[in-house]
Amino acid sequence: MSRRLRAVSLGVLTGLSLAVPYGVAHAHGIAGNRVFPATLTIDDPAVSDELSLPTLQWLKGGDGTETTDYSFEYAKTITPNLGFSIASGWNQNQPGASGFDNIETTLKYMLLNNAEHEFILSVGLSVEWGGTGSSKVSDSATTIAPNLYFGKGLGDLPDSLALLRPFAITGQVGLGFPTQLTDPISGESNARVLNWGLSLQYSLPYLNQNVREMTGAPDFIKQLIPIVEASFETPTSNIGDGPRQTTGTINPGVIWSNGAVQVGVEALIPINAASGKNVGVIGQLHFFLDDIFPNGIGKPLFP
Amino acid sequence: MIDPTHTRAAGRTLAIAVMAAAFGLAAVPAASAHAHLEKAEPAVGATVSGAPSEIRLRFSEPVEVRFSSIEVSRAEGGSVAAGASAGEPGVLVLKLARPLAPGGYKVRWKVISVDSHKTEGSFGFEVAR
């Protein structure tokens with residue numbers, strides 16, 4: 001059997017095996033009338049059972065290196081408000097090395113879910129486990145990052161601004177603390193980096209269900225969420241001789257979702273030369289496991 | 001020294017496996033899902049010429065009528081009617097005992113889908129003068 005055929009067979013079997021069931025089901029990012037979609041370049045504020053498989057990203061970096069990332073993330077609820085996720089991927093650089101990314105785990109807790117104001121506030125702790133990926137593309141140092149996540153829908157606007165109600169804003173901010181201040185091999189400083197970002201969304205499902213029926217529009221259109229994300233990295237301390245400016249991208253795109261499956265695609269527009277030389281692209285296939293397997297892996301371990 | 005050709009081939013193989021797993025998952029039909037509003041009568045945000053005799057809501061999934069509700073209130077406040085009864089599968093109906101006077105109204109609904117997912121929503125409509 002060829003290597004590719006083995007890969008396809010293993011992949012299909014893996015996907016189908018998740019359909020085997022293990023035993024009130026809980027929602028993905030829902031606050032009142034608002035359903036927050038899974039965003040592509042920043043983390044959304046929801047605690048939920050989800051799978052991003054795959055996320056594909058291509059970007060030409062500031063140094064001219066073309067980088068393609070193939071990644072996944074699996075999120076599991078422990079309780080309705082507490083969740084755990086694991087993520088990794090394959091990083092391919094041209095020219096340059098390729099290899100697996102470090103494994104990253106995150107524990108996230110939803111502090112507040114206000115239905116009336118469509119507001120979610122969550123906190124989390126992410127750990128990028130140094131040395132778990134390929135030394136050619138991944139850091140040897142472990143980095144610990146506390147994070148804050150929020151989401152706010154504008155459904156509480158007055159009737160005079162009803163057409164603005166489908167808007168929502170989400171955001172994430174986290175500060176990474178490397179456990180080693182100096183890379184033992186290169187001698188370079190491991191900077192503490194602030195990772196931060198926002199998204200602005202206009203939900204056509206929200207418009208159709210809560211503001212004005214989109215009469216005559218095909219279902220596909222009614223399921224779209226135009227979105228602009230912005231994701232940035234700002235070195236804050238222990239920078240050494242490394243770059244000091246903020247890098248990042250502005251990412252306009254669109255998300256389609258039928259509630260159980262979501263597809264998103266965004267352009268990655270570098271904010272400066274250090275962030276990239278051309279417009280890149282990111283695409284994601286996302287599964288809401290609480291809808292697909294509500295009685296199996298799609299419900300909290302401790303309801 | 002690792003052959004870069006081998007590395008690229010391994011990357012492509014991994015990418016194929018990942019994509020195949022994704023499509024394998026996508027091929028599994030949803031066991032059930034959150035019930036989202038597909039159609040309302042009166043329509044969301046509509047102005048109707050005659051007073052409706054009922055509020056009829058059609059959802060994307062079957063709902064548990066016992067644990068679901070519809071409430072109609074005046075736009076300026078004050079409940080007019082509340083309750084729910086089953087229509088065809090996935091449809092919730094609130095019969096209105098009295099015709100609605102001209103003016104603005106707000107409909108609030110809360111449903112539990114048959115697999116116990118909770119969703120809610122609200123919209124306005126107007127009865128023309």
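## A guided tour of chains A and B

Select Trp90(A) to begin: this residue is buried, at a relative accessible area of 7%. The model on display is a predicted one. Its scores are ipTM 0.82 and pTM 0.87. For chain B, the mean pLDDT is 83, and 75% of the residues reach 70 or more.

Trp90(A) belongs to strand E5 (residues 82–94) of chain A and Phe100(A) to strand E6 (residues 98–100) of chain A, so the pair ties together parts that are 10 residues apart in sequence. Now select Phe100(A) by itself. Is Phe100(A) buried or partly exposed? With a relative accessible area of 43%, Phe100(A) is partly exposed, whereas Trp90(A), at 7%, is buried.

**A pair in chain B**

Next, move to chain B and select Phe59(B) together with Trp109(B). These two residues form an edge-to-face aromatic pair, with 5.0 Å from centre to centre and 65° between the planes. The pair links distant parts of the chain, with Phe59(B) in strand E3 (residues 54–59) of chain B and Trp109(B) in strand E8 of chain B, 50 residues apart. Phe59(B) is buried, at a relative accessible area of 4%. Trp109(B) also counts as buried, with 2% relative accessibility.

**Two cis peptide bonds**

Remain in chain B and select Glu41(B) and Pro42(B). The peptide bond that joins them is cis, with omega about -5°. Pro42(B) is found in the loop between strand E1 (37–41) and strand E2 (47–48) of chain B.

Return to chain A and select Leu53(A) and Pro54(A). A cis peptide bond is present here too, and its omega is about 0°. Where does Pro54(A) lie? The location is strand E3 (residues 50–60) of chain A. As background to these selections and to the two that follow, most peptide bonds are trans, and most residues other than glycine have a negative phi.

**Two positive phi values**

Select Asn238(A). Its phi is near 55°, a positive value in a residue other than glycine. Asn238(A) sits in the loop between strand E12 (224–237) and strand E13 (247–257) of chain A. Its relative accessibility is 26%, and Asn238(A) therefore counts as partly exposed.

The counterpart to visit in chain B is Ser116(B). Here phi is near 75°, again a positive value in a residue other than glycine. The loop that holds Ser116(B) runs between strand E8 (103–112) and strand E9 (118–127) of chain B. Is Ser116(B) buried or exposed? At 18% relative accessibility, Ser116(B) counts as buried, because the class covers residues under 20% relative accessible area.

Go back to chain A and select Thr249(A), which is in strand E13 of that chain. Thr249(A) counts as buried, at 8% relative accessibility.

Then select Gly259(A), in the loop between E13 and strand E14 (261–270) of chain A. This glycine has 9% relative accessibility and counts as buried. A C-alpha distance to Lys108(A) gives 22 Å, for a separation of 151 residues along the chain.

**Chain A as a whole**

Along the principal axes, the C-alpha atoms fill a box of roughly 60 × 50 × 35 Å.

With the surface displayed, the accessible area of chain A comes to about 13800 Å², and carbon and sulfur atoms account for 63% of it. Of the 303 residues in chain A, 48% are buried. To end the tour, colour the charged side chains: chain A has 16 positive and 26 negative ones, and the centres of the two sets lie 4 Å apart.

Conventions
Residues are numbered from 1 along each chain as its sequence is written. Chains are lettered from A and ligands numbered from 1 in the order in which they are written. This is a predicted model: local features need pLDDT of at least 70, side-chain atom pairs count only at pLDDT 80 or more; totals for chains, interfaces and linings use all residues. Side-chain values use heavy atoms; hydrogens and water are left out. pLDDT is the predictor's confidence in each residue, from 0 to 100. Buried means under 20% relative accessible area, exposed over 50%, partly exposed in between (1.4 Å probe, protein chains only). Accessible areas come from the Shrake-Rupley method with a 1.4 Å probe; for residues, only the protein chains shown count as cover. Lys and Arg count as positive and Asp and Glu as negative; His and the chain ends are not counted. The place of a charge is taken as NZ of Lys, CZ of Arg, CG of Asp or CD of Glu. Helices (H or I, at least four residues) and strands (E, at least two) are DSSP runs, numbered from the N terminus. Rings of Phe, Tyr and Trp (its six-membered ring) pair if their centres lie within 6.5 Å; planes under 30 degrees apart count as stacked, over 60 as edge-to-face and the rest as tilted.
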